[in-house]
Amino acid sequence: MNDATPSIDPRIRLAHADDDEFILSLSERFVAFELPAWRKRSETLAGIRADIARHLRDLPAGSHLFVAETDDGERCGFLHLQTHKDFFTGALNCHISDLVVAPAFERRGVAGTMLDHAETWAKQHRCRFVTLAVFPANEPARKLYEKRGFGVELLRMAKAVK
């Protein structure tokens, strides 16, 4: 955060139906960096949008959607948490499926506040770990996650089948 951009302390609340358009409008932020060579931006974006839309529409068990907003009610980010059983231990984990900040609110502390919310929520729901996935080229997000104590647990690798 630079000195010219004041930080804000957004409120995190459960998403409701009139947030759907705002949430989906942020989808392009998930592909706003270099993707792996075998990933087409349009396909990746379509898949992300479809997954978020499905969660908004169906509200599956274990899926929890939140919106960050300023004191005056302006929406500034979106957080999607999912609970799942740990593959190795069977313990309940909280996975940050989606975390995105609206462009006008970048570098103002919104992502950190959403990460804090995810961790508090995970503690309240007796989760053992908070997990997330991030594309390697998304450097700003990776730096924030590492600064907040996240580390690589598994490295997912891919190879195109020709």
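At 58% relative accessibility, L59 counts as exposed (exposed is over 50% relative accessible area, buried under 20% and partly exposed in between, with a 1.4 Å probe and protein chains only). L59 sits in the loop between α2 (41–58) and β2, where helices (H or I, at least four residues) and strands (E, at least two) are DSSP runs numbered from the N terminus. Although not a glycine, L59 has a positive phi of about 45 degrees.

R126 has a positive phi too, near 55 degrees. Its loop runs between α3 (110–124) and β5 (130–132), and R126 is exposed, with a relative accessible area of 75%. For context, most residues other than glycine have a negative phi.

## About the model

This is a predicted model, in which local features need pLDDT of at least 70 and side-chain atom pairs count only at pLDDT 80 or more, while totals for chains, interfaces and linings use all residues. Residues are numbered from 1 along each chain as its sequence is written, and side-chain values use heavy atoms, leaving out hydrogens and water.

## Cysteines

How many disulfides does a search of the whole structure find? The search finds 0, a disulfide being a pair of cysteine sulfur atoms within 2.5 Å. For C76, the nearest cysteine sulfur is that of C94, 19 Å away. C94 is in no disulfide either, and the nearest sulfur to it, that of C127, is 5.1 Å away.

C76 is buried, at a relative accessible area of 0%, and C94 is likewise buried, at 0%.
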